[in-house]
Amino acid sequence: MEAVAAPLPDSGAAVLDHNPNPAEVEVLTLRVDEVVQKVDKLEEKVNEVEQFYTNLSKKQQQTGSKGSSAVKEKEKQVLSMRKQQQDASRREAAAAKRMQELMRQLGTVLKQLTMHKWAWPFMQPVDVKGLALHDYFEVIDKPMDFSTIKNQMEAKDGTGYKNVREICADVRLIFKNAMKYNEEGSDVNFMARTLMVRFEEKWLQFLPKVTEEERRREEEEAEAQLDMQLAQEAAHAKITKDLSNELYDLDMHLEELREMVVQNCRKWSTEDKRKLGGALTRLSPEDLTKALEIVAQNNPGFQATAEEVDLDIDAQSESTLWRLKFFVRDALEAQSKTAPASTGGNTNDDKNVNNNNVTSNNHKRKREICDAIAIAKTAKKRSKKPS
């Protein structure tokens, strides 16, 4: 590749062989802008899908979920996200009904307990004022009694107990409060201790039913969560398929636009190619690598990463030459702007490298759209100049 110090042609080189129709240029620019907007929207959807599967992959690694084959088998059974939500609501309602039955059965146990001859001190809230118990609330943080528990069990406004273990905890609190405030050896302390022993015996008999219901609920919740996850995967799989089809259509449309632009641009002369070759030699190693990648995109056999690269400018297509031209122009402008900062020894070099890395990761479609826009706008600008 010949190294020539001649400057790269400015953007005015992208002209038409004939006087262009401004209306045609405007229509072409609008079509390119349309494609840009569509690509931006699709990229947002792609990012959303990629984020979903990234999070899903992390979750599977933490929980040891089954492989994708099991997911595919379950996907066929998942109809929709709404159906899964309805099923989850029904399961929750059934579980709440079973829990209400358990609380009713425990209520029978409590009724038997309150019929004991020593239960009377615990039936109603402690009459702190009437009994002149001035330090009661300093000792007892949360007072409790059987009438309060009964009211809580019968509440219809949604403030009642949700789990039978909550009732058990409040029954124990009644007796713990009594033993805490009344010293050991007193009548109330003895009555509370005796009734608590009786309650714990009844609770041990009742506990297997509680643990069985809790185990069943855990299994149902785990199944519901898995079904919901599979439904989400199925929905995102459909989105991915639709995105793939849309991107393919956009690629075809973009290729047509690019060919239209290239056909309307004047042909490259030997002098133009010579100047482009000279400009390539002034690129930084990073930018030169990116330029070679542009060449490789339309030349599958071209080895852009080889140790020695033989680039034949004359063998490149018109579209590749135009893309190289605009890339080289922008790269050289960026180099000229960062050159003074480099001699100053500040951190702008690091920022420039980071920016270049970000630019290199842009999708092929994005670069092609930018090229098409640049050529179309240049042609439009040129057409407005007096001949």
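## The loop at Ala-132

Ala-132 lies in the loop that joins helix 3 (81–114) to helix 4 (136–139). Helices here are DSSP runs of H or I with at least four residues, and strands are runs of E with at least two, numbered from the N terminus. The model is predicted: local features need pLDDT of at least 70, side-chain atom pairs count only at pLDDT 80 or more, and totals for chains, interfaces and linings use all residues. Residues are numbered from 1 along each chain as its sequence is written, and side-chain values use heavy atoms, leaving out hydrogens and water.

Ala-132 has a positive phi, near 55°, although the residue is not glycine. Most residues other than glycine have a negative phi. Ala-132 counts as partly exposed because its relative accessibility is 41%, where buried means under 20%, exposed over 50% and partly exposed in between (1.4 Å probe, protein chains only).

## Helix 9

Helix 9 covers residues 285–297, and its 13 residues should span 18 Å at 1.5 Å a residue. The expected span is 1.5 Å times one less than the number of residues. The end C-alpha atoms are 19 Å apart, which agrees.

The buried residues of helix 9 include Asp-287 and Lys-290 as well as Ala-291, Leu-292, Ile-294 and Val-295.

## The whole protein

The protein contains twelve helices and zero strands. Of its 387 residues, 34% are buried.

Among contacts (heavy atoms within 4.5 Å) with a separation of 6 or more, 81% are between residues 24 or more positions apart.
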